[in-house]
Amino acid sequence: MPKMTESGAAKPYTQIILPKALWWFRHTAWLTVVTGIIYYVVGRGQVEGIPSMTIHIGMLLGVIMMLNVWVFIWPNQKKIIAGELEGDALAKAKKTALMASRTNAILSIPMLMAMIVANHGSWTF
């Protein structure tokens, strides 16, 4: 917030805070997937009874969510923030980013359930 008023005039939120928030959002997406895969590979031979189909479904949903961030959300948000688009192109970019974000929000619940069930549940898919 202090950077928004440094120059005397408030800079738009989209130029100061939003790019940093989106940077963290997209980089934590790939970091989560990579650490999850490492954790899975390291622990695969040490843990008995992990329902492999359940954990793979959770992993697949996590990868889909990461791809949504990098392929749909970030490129469209970058164009929106830069002000590169107008009219129908702007509306399309906003709708694409919104739908990908909503898809990620919806997929987070079954992904979390698959991860929990794989380690603690008594049922599998």
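Contact, in these exercises, means heavy atoms within 4.5 Å. The model is predicted, so local features need pLDDT of at least 70 and side-chain atom pairs count only at pLDDT 80 or more, while totals for chains, interfaces and linings use all residues. Residues are numbered from 1 along each chain as its sequence is written, and side-chain values use heavy atoms, with hydrogens and water left out.

**Exercise 1. Get your bearings: which elements does the protein have, and where is confidence lowest and highest?**

Step 1: Go through the elements. There are three helices and zero strands, running α-α-α from the N terminus on. Helices (H or I, at least four residues) and strands (E, at least two) are DSSP runs, numbered from the N terminus.

Step 2: Check the pLDDT, the predictor's confidence in each residue, from 0 to 100. Its mean for the protein is 79, with 75% of residues at 70 or more. Confidence is lowest in helix α1 (residues 13–43), at a mean of 79, and highest in helix α3 (residues 87–120), at 89.

**Exercise 2. Find the nonpolar patch on the surface: which residues form it, and which element gives the largest share?**

Step 1: Recall the rules. Patches are made of residues with over 30% relative accessible area and no salt bridge; like charges are joined within 9 Å, nonpolar side chains (Val, Leu, Ile, Met, Phe, Trp, Tyr) within 5 Å. A salt bridge is a side-chain nitrogen of Lys or Arg within 4 Å of a carboxyl oxygen of Asp or Glu. Areas come from the Shrake-Rupley method with a 1.4 Å probe, and for residues only the protein chains shown count as cover.

Step 2: Pick out the members: Trp30, Leu31, Val34, Ile38, Val42, Leu67, Trp70, Val71 and Phe72, with about 780 Å² of accessible area together. Helices α1 and α2 (52–82) are the elements that give two or more residues, and the largest share, five residues, is from α1.

Step 3: Valine 42, in helix α1, counts as exposed because its relative accessibility is 52%; the cut-offs are under 20% for buried, over 50% for exposed and in between for partly exposed (1.4 Å probe, protein chains only).

**Exercise 3. Now look inside: which residues make up the largest nonpolar core?**

Step 1: A nonpolar core is a set of buried Ala, Val, Leu, Ile, Met, Phe, Trp, Tyr and Cys residues joined through side-chain atoms within 4.5 Å.

Step 2: The largest one has six residues: Ala29, Val33, Met66, Val69, Ile73 and Ala100.

Step 3: Follow isoleucine 73. Beyond its neighbours within four places in sequence, it is in contact with Phe25, Asn68, Ala97, Ala100, Ser101 and Asn104.
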